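Me: I would like to learn how to read a few features of a protein model. Could we take them one at a time?

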Amino acid sequence: MFAFLYNPDRFMAFSRWGAPLFGVLAVLLGAAGLWLDFAAPPDYQQGYTIHIMFIHVPASMLSLFVYLCLGVASFLGLVFRQPLAEAAARAAAPLGAGLTFLALITGSLWGKPMWGTWWVWDARLTSELVLLLFYLGYMALQAAIDDEARAARACAILALVGVVNLPIVVFSVDWWNTLHQGSTLFAKGGPAMAPVYLPPFFLMILAYTSAFGSLWLVRIRGEVWRRRANVLAVRAAR
Amino acid sequence: MISALSITNLALSRGDRPLFAQFSLTVSAGEPVALTGANGAGKTSLLRAIAGFIRPDAGEIGFTGADGALEAEEARGRDLHLLGHLDGLKSGRSAWEELLFQVHWTGGTDASAEAACEALDLGRLRALEVRKLSAGQRRRVALARLIASPRTLWLLDEPLTPLDAAWRARFGEIMAAHVAGGGMIIAAVHDPLPIPARAVAVGA
Amino acid sequence: MSGFGVLFRRELALSWGKGGGPLLAVSFYAAMATLLPLATGPAPDKLAIVAPGSAWLALALASLLSLERLFERDYEDGALDLLSLGSTPLEAVAFAKCLAQWITTGAPLALAAPIASIALGASPSLSGLIAFTALVGGLGFSFCGGIGAALSIGSRRGGVLIAVIVLPLFAPPVIFGAGAIEAYAAGLDWKTGLLLLSAYSLAAVGLGPFAMAAACRNALS
């Protein structure tokens, strides 16, 4: 059943209709989410800036999810020696980095009207920043090793070390935040969400997930094509 | 103790470049083998695959002992010497320090290290720093562990290149003694070995 | 295992480098401790606030120094091949290397850290804790740094790549160690931070060698 996960040809067949489907789904869900969001009454505390939350929070949640996907793909690629899994891990990294960056930017934009500064070292934003460093380190290692197979395995090891380390980092940043309890305004990452906001919120999360799925499939297809082109080039050169 | 090495239908590639396929070879105790082939044919890669560094695309490499099949990792860790192009010597340390480490690491003793030092005529050189030795002298230091730590299978990658004619002959004697004692040698060479050996071609 | 003992003694000798190893690390640390007041201004009250934290940060960075040589040199001169073909497992080899590095670099830095902190204006009563946390944290830095060093074998980008890979791994010990020191200075509970730091370092010691050995095998293939 899951043959499309490890058989490149089956994967290409699946992603041919899968990628556009997820893309369309993402657009529809996103549109619905944003429409419901703007249709809801403005938050009494934050006014219109609450809308940034619908961009920021799903982005940060997805950035963590993508890292998990990266870890799983790395594990499968390392243990079962599946080149498709290696390609999937490699393809996911820039998407994760982009999402993390988006989360940081929107977090900063949200913070300005709320707390008055462009950046604040609260637990979540700091953890996001470290996550960005994880992604950047992964991509740097990928770029630094010429041999593709070796690069993929080295990055897989790094990803697994990162997956183990990430909860530790989140915990340590939380602990650090409680130590330096400057202002209670920063605690708990913002006010609780009113129930009227929940449906658009979930829609946005689904939209982001769908968008990620679509882009990931597209990128993996690109990886598969690139490798096939490489093999052909090497054969032609002999 | 390895008594036989069997390679069946081995296929190797370096990066995206396939080297060879369907390569089979059986080597028993007391047998020297000379691997021949063009540059880039895959002789070094074959040696490294036997040593367990490179994972083959297809095929099997098996070690047999007196009591049957041997665990590959154990056979490689205990009964195999690999001498590659590089000597593995640290330039800032003295020849004797490095020789002693390599001998101890591969299972030899102080006494056997001394004997090897004698046999390779390294007495005058032992106190010198490795950086002050010539390539041939460094190769002799690296050869010491072959003599001092008894391991059955010798994988040699162009071992004679830095040695002069006298030392090539000398090393031939060492190899002959090893083979006579039941050892196995697989050497990748461009020139003929100083001992009679079965020639095996690598690569298409 | 005699193999491990022989290797460990050799690694100690190599990383000691006729005195150059610890001297280099301590000099770098001193340089960083000097640059800090040059950057922030010598006002004692301002310096004293950041003193323990910056001393810790400089410690993390100084630990990065000798990481480049940890595996790369053996890879370049062919010694890593030999180390993989001994009767001692590669994980033990990685363990010996990082342990030797900690002893020759981490321990001298742990002695230098309280001196630097006092020079930056921290209270001398913190010295004992600073030295102890530096020692324990240094263990974590060595083993986590070793992971980065092993992963970058053969990449020729060297030190900067190792730093980029390893700094997220350094974040928790930096937080725990500096947190413990600042808690002690403020008269609050400092034991938690110390325990967390020790736990992290021990985890790094226990798990790191497996990642390093896997990375070494990858580099040799």
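Predicted model: local features only at pLDDT ≥ 70, side-chain atom pairs only at ≥ 80, totals over all residues.

Me: Which way do the residues of β7(B) point?

Reply: The general idea is that side chains in a regular strand alternate between the two faces of the sheet. In β7(B), B:L153, B:L155 and B:D157 point one way, while B:W154 and B:L156 point the other way. Residues of both sets are buried.

Me: Which strand do four bridges join to β7(B)?

Reply: That is strand β6 (residues 80-83) of chain B, and the two run parallel. Within this pair, B:L156 of β7(B) has B:L83 opposite. β7(B) also pairs with strand β8 (residues 184-188) of chain B, in the parallel sense and over five bridges. There B:D157 has B:A188 of β8(B) as its bridge partner.

Me: Now helices. What describes two packed helices?

Reply: The angle between their axes and the distance between the axes. Take helix α3 (residues 95-105) of chain B and helix α5 (residues 135-148) of chain B: they pack at an angle of about 35°, with their axes 9 Å apart. Their crossing, α3(B) with α5(B), is right-handed.

Me: Which residues make the contact?

Reply: From α3(B) come B:A95, B:E98, B:L99, B:Q102 and B:V103, and from α5(B) come B:V141, B:A144, B:R145 and B:A148. Sorted by class, the contact of α3(B) with α5(B) has six nonpolar, one polar and two charged residues.

Me: Last, backbone angles. Where is A:R81 placed, and what is its phi?

Reply: A:R81 is in the loop between α3 (50-79) and α4 (83-115) of chain A. Its phi is near 50°, a positive value in a residue other than glycine.

Me: Is A:R81 buried or exposed, and why?

Reply: A:R81 counts as exposed because 12 other C-beta atoms lie within 10 Å, and the cut-off for exposed is 12 or fewer.

Me: What is the phi of B:D121 in chain B?

Reply: For B:D121 phi is near 55°, again a positive value in a residue other than glycine. B:D121 is in the loop between α4 (110-119) and α5 of chain B. With 12 other C-beta atoms within 10 Å, B:D121 is exposed.

Key:
Residues numbered from 1 in each chain as written. Chains lettered and ligands numbered in written order. Buried ≥ 20, exposed ≤ 12 C-beta atoms within 10 Å, placed from the backbone. Pairing = 2+ DSSP bridges. Axes fitted to C-alpha atoms, helices over the stretch in contact; angles between N-to-C directions. Left-handed = near helix turned anticlockwise from the far one by under 90°. Contact = placed C-beta atoms within 7 Å. Nonpolar A, V, L, I, M, F, W, Y, C, P; charged D, E, K, R; others polar.
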